[in-house]
Amino acid sequence: MRGDMEAKYDFDRKFRRQVLQCSRCGFCQSVCPVFGFSLRPAYNARGKMLLLKEVMDGTIDLNDELIETLFQCTTCGACEENCPSGVNVPDIIKQARKDMVNIGSCHPAFKGMHEVLENHSDIYAEDDLPDFGRERNRKAPYVFFIGCVGAYREEEATESILDLLDYLKVDYTLIDEVCCSGVLGDVGYSINDRLAEKNVERILATGAHTLITGCPYCARTFHGKPEYQKLKDSGVKILHVSQFLKDFDFGVTTSRKVTYHDPCDLGRHCGIYEEPRETIAKIAPDFVEMRHNREKALCCGAGGGVRGAYAANSIAMARRRLQEAEEIGAEVLLTECNSCVHNLANAKLRKQKVKILTTAQFIQELLEEEDKI
Amino acid sequence: MPEDLYYEENHLWVRDEGDLLLVGMDDFGQKMAGDIVYVQLPDEGKKLKMGKKFAKVESGKWLGKVFAPVNGELVEVNEELETNPGLINEDCYGEGWMYKVKADDKAELEQLIKGPEAIEKWVLAEIEKYAQE
Amino acid sequence: MDERVKKALVDIVGEKNFNDKLIDMVSYSYDASEYTHRPMCAVWAESTEQVSKVLKLANEEKIPVIPRGGGTGLTGLAVPINGGIVLDLNHMNAIVKISIEDRLAVLQPGVIYDDLARALDPHGFFFPPDPASSQVCTLGGNVATNAGGVKGAKYGTTRDYVLGLQLVLPDGRIMRTGSQCIKSVSGYDLTKLFVGSEGTLGVITEITLKINPKTTASTTAMAAFDDLGDAGRAVSETMHSGVLPAVLEILGKEALIAINRNTDLNLPEVDAILLVETDGYTQEETDYQVKKVLEVFKRNNAREIKQAKTEKEAADLWKARKSAYAVLARLNTHQVLEDVTVPMSRIADALIGIKEISEKYDIMIATYGHAGDGNLHPQFVYDGYDPDVAERKKAAGAALFKLAIDLGGTLTGEHGIGLQKAAFMGLEHDDVSMNVMRGIKRLLDPNNILNPGKMALDEG
């Protein structure tokens, strides 16, 4: 039996025990966003573990046919959270993707993303960083890092955070930022050293003691990846904007019914659930939770590269999350991730009246309504 | 590319239907975009300013802006595109129509590309432009 | 695969609902049991008519068809052990009707238990048999296995609630059984034949369930027993308490040790812990019921009795029971969950007997379960990759079944026979009844295409 075979792939070497620990109970089906919209067991964590088990046993081999499932996972971590056997599915998937790339088997969208970041400074290959009318690269105690989605797809959300920081008289600077490239590590490649170095250099050049970012993915990358260790070594504090804003009082409220969508990258991956809620509690007395919230939040479907590779499915997943907002009669859905906003907004049907915004955007709107900003 | 339509340089086609103008994305545009996954459908009544962006379209890898071909008002949208944006790829001149516009002054249509010669010249220039990128 | 058959299937369900891709075939080879076998292909059915046409075709071509819901069965009854077509019913997941006045719900087989529960909740109703896998199991599967749950002792199992079914027979004929009435004795009770038939006699395409009004009050308590025999006697003597608790669960020592190692629940590591919950409409009533049960416990040397005073405390008491499966599943590479059931007067003997088997074959068996209806869940936890260990597990499993039968029990209280216990059917059922079962199977499925190879129906 398997005991004597040499492990052929890194995912086997690193995660064999965990893959075997999957007891096939199928509980992951109840929380997986990809299974949720498709009802296709091959997409579910159990289905993926079964495939990898067969690869480890030598029954099948990694090949192009596996792309459709191994590269279609938002790495949201809900399966892991719900797994009685404690299988860390996202980490296993990320490693399996690296093994796939190593044998030349990869989804073209991710191969493309890797190539784009080899030659460009952002994932959209636009190379035309907007400055939002603010200064860049000056010396300041705070650096604000926007992230690709905020810069090129959700400009209004970014504008709002910057407006708020100005309103709060925070002394911050933007920088000539480039893609944090954290996504590459999740889709079978590795962080782009050249880009990481640029970011580190430019952040440190500002002399800032704190880096604030609106993107949970970037925050997670800066916090956790060795390519950005120098930031922490230099004493730079890394905050997601929700952790920063919670200490302020804005003096505005709304009577509308508000709910909050925990982004996977901020929630399950960073453990940040309460800070955004603290801020929302101050501005929205009529706050309701969706059926799945905090550790159990339902993924919007954009993460893990899925929005780039399987955009239509990504939107289908977002529709399921919006149903939960409809269920509780939410008029406003707030979240802390530009990718979530983007995907949910695309998925929203015209007849659905819920407004989808980042918390900062909403606060800025309220301030504007009262002519305070 | 049907020769009886007007074309806007960002790859929109316009059909004069009398009272209203029918607007969609042309074949060149939809091929360049790839599988369309999202079409923004603004509320009816929205005022359109010629040359100004009034909506956006997304495929897996690309975000495109939709610019108003004339001054006017958005009167109707193709709601089918909400759940089936791929119609644009499947039938861009028919079922994949996007917007119905009431023009302030239909004479503005003459500023768009029209007629087989002009269309051919434009398309060839576009092909070259994109081949270079 | 025969192109002609493939085309015929695509004609029935449409191209997007036919699948023979590798990644899907792998998924469909497995359920939650340890068995596996590749199917030939899979189809998603979206209507009873499609199910009927698929079966008609399969019957003519003599190709096996294996119905599948959530794929959470523990005994292999959704594994395509003879290849064939997996008939995935998850797209038939509509709740067709809820009628509170008629006290029933009509639904399609792909409805997930928790989704049904959520639909009934606003009406103040529920469907009592609640399997532990309720977040993923589908009602079609629940009916096919006569699923149980923690409330079995007081509320019974799925069979007690199925008023009627729509089914497709192996030859494609569609039929209805039962009635929309709460009771009927008109004709043979075919409904009860199909409930628990594990997908071997017909494919369920619509289910009419009796539902119950929810109780609004409950009281939960937990007691520790230093001696296994005492715990067992406490369970059987609960029948003398004068009340039927809604829940009576047991946790054995190995389970308690494992739970303590993996959580901070800090449970007493005694021979057994009993968890009791009573339900009703007023707190006075449920407290009274618990008092009667606790009197029985105390008479049997219970100590460390904890009664929950708030909902949170009750939830905390439940955490222990709910975490058992998970913490045990993490301990080794293989785990097998059995569900032997004995008459309640023999529970003490069963617990002691299981302990002896564990020691004799040197294999870890942690026991917990629904003591209230005699349904124990001995969980084997072992390294199945070690051939010696695997042998010992096999022998221990056989010994377990023999023990249960010797005590007047049954091989399975709620999981079903499937593949896992097929070899032991003869221990429990005499030749005449096995012949009758096989006769019924042959009558309805002369070509043996519907879920073949299960329940020992093929032999003899």
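Just after helix α3 of chain C, C:Lys62 adopts a positive phi of about 60°. The structure is a predicted model, in which local features require pLDDT of at least 70 and side-chain atom pairs count only at pLDDT 80 or more, while totals for chains, interfaces and linings use all residues. Residues are numbered from 1 along each chain as its sequence is written, and chains are lettered from A and ligands numbered from 1 in the order in which they are written.

Helix α3 (residues 48–61) of chain C comprises 14 residues and spans 20 Å from its first C-alpha to its last, close to the 20 Å expected at 1.5 Å a residue (the expected span being 1.5 Å times one less than the number of residues). Helices (H or I, at least four residues) and strands (E, at least two) are DSSP runs, numbered from the N terminus. The buried residues of α3(C) are C:Gln50, C:Val51, C:Ser52, C:Val54, C:Leu55, C:Ala58 and C:Asn59; a residue is buried if 20 or more other C-beta atoms, placed from the backbone, lie within 10 Å of its own.

An automatic or database assignment supplies the domain bounds. Chain C is divided into domain 1 (3–88), domain 2 (95–213) and domain 3 (217–406). The centres of domain 1 and domain 3 of chain C, taken over C-alpha atoms, are separated by 38 Å.

In chain C, seven strands form an open antiparallel sheet in the order β15-β12-β14-β13-β17-β18-β16, where pairing requires at least two DSSP bridges between two strands. Its edge strands are β15 (302–307) and β16 (334–337) of chain C, each of which pairs on one side only. Strands β13 (residues 247–252) and β17 (residues 364–370) of chain C run antiparallel and are joined by two bridges; C:Leu251 stands opposite C:Tyr368 in β17(C). Helix α9 (residues 253–262) of chain C packs on the sheet, touching β13, β14 (272–280) and β17 of chain C, and its direction makes about 100° with that of β17(C). Angles run from 0 to 180 degrees between N-to-C directions of axes fitted to C-alpha atoms, for helices over the stretch in contact.

No contact joins chain B and chain C, whose closest C-alpha atoms lie 16 Å apart.

How values were computed: Contact = placed C-beta atoms within 7 Å. Buried ≥ 20, exposed ≤ 12 C-beta atoms within 10 Å, placed from the backbone.
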